[in-house]
Amino acid sequence: MRMAEEPATRQPEMSDAGSDEELELPAPMMEQGSHDGSIRKGCDPCSQTQRSKLQHRRARINQQINKEMRMRAGAENLFRATTNNKVKETVALELSFVNSNLQLLKEELEELNSSMEVYQTESEAINVPMIPLGLKETKEVDLTVPLKEYICEHYREDSSLFEKEIKEFMELRQAMRTPSRNEAGLELLVEYYNQLYYLDQRFFPPHRTLGVHFHWYDSLTGVPSCQRALAFEKGSVLFNVGALYTQIGARQDRSAATGIDRAIDAFQRAAGAFNFLKENFSNAPSLDMSGPSLCMLVRLMIAQVQECVFERVTLTMQDTHFTSQLQVAQEAARVSDVYSLVLQTMSQPLVKDYVPFSWASMVQVKAEHFRALSHYYAAVALCDRTQSIDEEECDEEGEKALLQLHVSNPAGPPLSQVLRDPEERRKLGKAHLRRALIRHEEAMRVHGLCKILRKMDILQEVLSFVHKRSLDKYSEMDREDDFDETAEAPEIHSQTQQKPDIIPPNFSTVQVTDIFRRLGPLSVFCARARWGPVRLVCLQRGEGGLGLTLRGDSPVLVAGVVPGGCAEEAGLREGDYIVAVDGENRKWAKHGEVVHSLKSCSDRGVELSVITLHTHDTQVERRSVMLSPRGDKENACQRPMGGAKAQSSVSLLNWNRKKNREGGGVTKRLGSTFSLPFGNLGDGESMY
């Protein structure tokens, strides 16, 4: 393990995929009205639940690992720099101690990450435990000074007036470090994730950094990572969304169909979060957010969904009908196949040394366990089948199901004959039971090799129960006069009633209001825009009116000025934005409100505060400066996203280049704004 003190100098900053290209990024759902702060709070850090104790221990180990790695980095630098042999010997000895301590801490953290029972349901039902993820830990970040400096420098505002907003944002970040293990905790994480969108637009220009470093610890190894890119913060929060879904899925009571359905939904959403992170973020500095690790996590979640589907099939199976038993056998084979794929992914070079040994052991145990169950249910279907005259019409259906059961045809008579001959069915069933016993014993062997799994009593109980059940069934089928050698049963063909669905995160489910909304609409007042100082213009009505044309809302734009008119003489220019009228803030004012203020001015006139944009990043124009044909609303980019079910990851957060623009929205470009010919009034424009 090696810690990067300043990752920005050693590796690329983590970024949103395609962040250097032309982007169109839908903003989070925007709440209307005043902003009174978040109603969502994190858990009490001092609470003494089992899960909180586990997180506290993980945080303590992360800090110790961070300390040891700093010591090792310093010792390595000294070892390379010194030419004194005595000093080199001393440093080498110190390095051996540090490496030993790191190894011990790594093993302790691995044991914590393998504490699956803490996250399991408290129900008395006996179910195979699921694999949850612990949350990524992060250090506190003080944004007060950087944000205040940027507000003063860029927005030319009194930063002391925004202390409330800065404090609110920091409290929200502090709360999201300890989310509750329920829907409220998920909403808290998504709320913070959505606020990061606005923070990015307000304070992170494309070609400079804010000077803030975000520190996060690897979820499994505890290795710290530090980057200045806000994408690292967003990716880590998104990872925790997926991790929290795994904990919610693992805690469901799967002894009832409703609990199984909730577990399926949670694991599918966890897979969606990890898959979204894998596809939309790059240059992750920590292994838990690397492509191979995220691919492994997605497949692990899909396997756990498939396991829940199997449990629901066995739970809702009302009879012991021949075809029903064969269906369960194929469901079990499907679960075994997907866990085998997960195990194969965990064996890849970049993941093999990273994944906890207990995880790999658990996955292998499940692959063997469900393969054994597939053979067991096939044997039960064959051996317990009874045939009567009334059931002869079902032979065609049973024969079709039996023909589709195996990967290859078994040796011996045709399956149509096996279906009608009790003795042949017994022999084939016995062959399946023999394979089931071999798989059960292999699962128990792998289980016994892992110290952490041996401590899980419920897993031991499940494996022992199914093994004894298969052994009893085999003894029941075995006969003293059965001298024929048991044939080799073919593998079961996997098939499922429900294929897992990767559900991408739906950020629009949590509506937020931009905490720094008072800075003004993002269409103008963002980090990528540049404008001149505020100008005070004293405007008086003449005989021909004010002599200007206004357009749009939030803020209202001076679209045209009459040559020689009152507005031109007062110093107004085409392209100015009205930000205040008679000292009253009008950045968010609607078109009609500004017009009303101008019309109701007294004889002494009205004092306008206006600004002129000098430069504006083209990327921002395409991402956030969207106006409808009427030129209304605060930010048309802050439009609702589609429903959760029908959304793809592209509709949720499109990081890729879009060559064609769709929809009725019209992009407001400064060039076209400044060249508007006076007298050609468009929609939403008014002349005064």
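The model is predicted: local features need pLDDT of at least 70, side-chain atom pairs count only at pLDDT 80 or more, and totals for chains, interfaces and linings use all residues. Residues are numbered from 1 along each chain as its sequence is written, and side-chain values use heavy atoms, with hydrogens and water left out.

The protein chain holds 21 helices and 14 strands. Helices (H or I, at least four residues) and strands (E, at least two) are DSSP runs, numbered from the N terminus. Of its 688 residues, 54% count as buried. Buried means under 20% relative accessible area, exposed means over 50%, and partly exposed lies in between (1.4 Å probe, protein chains only). Among contacts between residues at least 6 apart in sequence, 81% join residues at least 24 apart. Contact means heavy atoms within 4.5 Å.

**Helix 9 and helix 11**

- Helix 9 spans residues 322-346 and helix 11 spans residues 357-383; their axes come within 8 Å and cross at roughly 160°.
- That angle makes helix 9 roughly antiparallel to helix 11.
- Axes are lines fitted to C-alpha atoms, for helices over the stretch in contact, and angles run from 0 to 180 degrees between N-to-C directions.
- Angles under 35 degrees count as roughly parallel, over 145 as roughly antiparallel, 65 to 115 as roughly perpendicular and the rest as oblique.
- Helix 9 passes helix 11 in a left-handed crossing.
- A crossing is left-handed if the near helix is turned anticlockwise from the far one by less than a right angle, and right-handed if clockwise.
- The residues of this contact divide into 22 nonpolar, five polar and three charged.
- Ala, Val, Leu, Ile, Met, Phe, Trp, Tyr, Cys and Pro count as nonpolar, Asp, Glu, Lys and Arg as charged, and the others, Gly among them, as polar.

**Two residues at that contact**

- Alanine 381 is found in helix 11.
- Alanine 381 is buried, with a relative accessible area of 3%.
- Not counting residues up to four places away in sequence, alanine 381 touches Phe322, Gln325 and Leu326.
- Alanine 381 and serine 324 are 57 residues apart in sequence, yet 8.2 Å apart in space, C-alpha to C-alpha.
- Leucine 343 lies in helix 9 and counts as partly exposed, at 23% relative accessibility.
- Neighbours within four places in sequence aside, leucine 343 is in contact with Ala360, Val363 and Gln364.
- Leucine 343 and serine 361 are 18 residues apart in sequence and 8.9 Å apart in space, C-alpha to C-alpha.

**Helix 4 and helix 5**

- Helix 4 (residues 163-176) and helix 5 (residues 183-203) pack at an angle of about 140°, with axes 9 Å apart.
- That makes helix 4 oblique to helix 5.
- Their crossing is left-handed.
- Helix 4 brings Phe169, Leu172, Arg173, Ala175 and Met176 to meet residues of helix 5, including Leu188, Tyr192 and Leu199.
- By class, this contact has nine nonpolar, one polar and two charged residues.

**Nonpolar cores**

- The largest nonpolar core has 140 residues; Leu199, Phe203, Phe239, Phe274, Trp359 and Phe516 have the most contacts inside it.
- A nonpolar core is a set of buried Ala, Val, Leu, Ile, Met, Phe, Trp, Tyr and Cys residues joined through side-chain atoms within 4.5 Å.
- Helix 11 gives the largest share of this core, 15 residues.
- Leucine 199 is in contact with Leu147, Phe169, Phe204, Leu230 and Phe516, leaving aside its neighbours within four places in sequence.
- A second, separate core of 20 residues includes Leu539, Leu548, Val561 and Ile578.

**Backbone details**

- The peptide bond from serine 554 to proline 555 is cis, with omega near -5°.
- Proline 555 sits in the loop between strand 7 (548-551) and strand 8 (556-561).
- Arginine 156 is a residue other than glycine with a positive phi, near 55°.
- Arginine 156 belongs to the loop between helix 3 (144-155) and helix 4, and counts as partly exposed at 48% relative accessibility.
- Asparagine 283 also has a positive phi, about 60°, although it is not a glycine.
- The loop between strand 4 (281-282) and helix 8 (291-316) holds asparagine 283, which counts as partly exposed at 35% relative accessibility.
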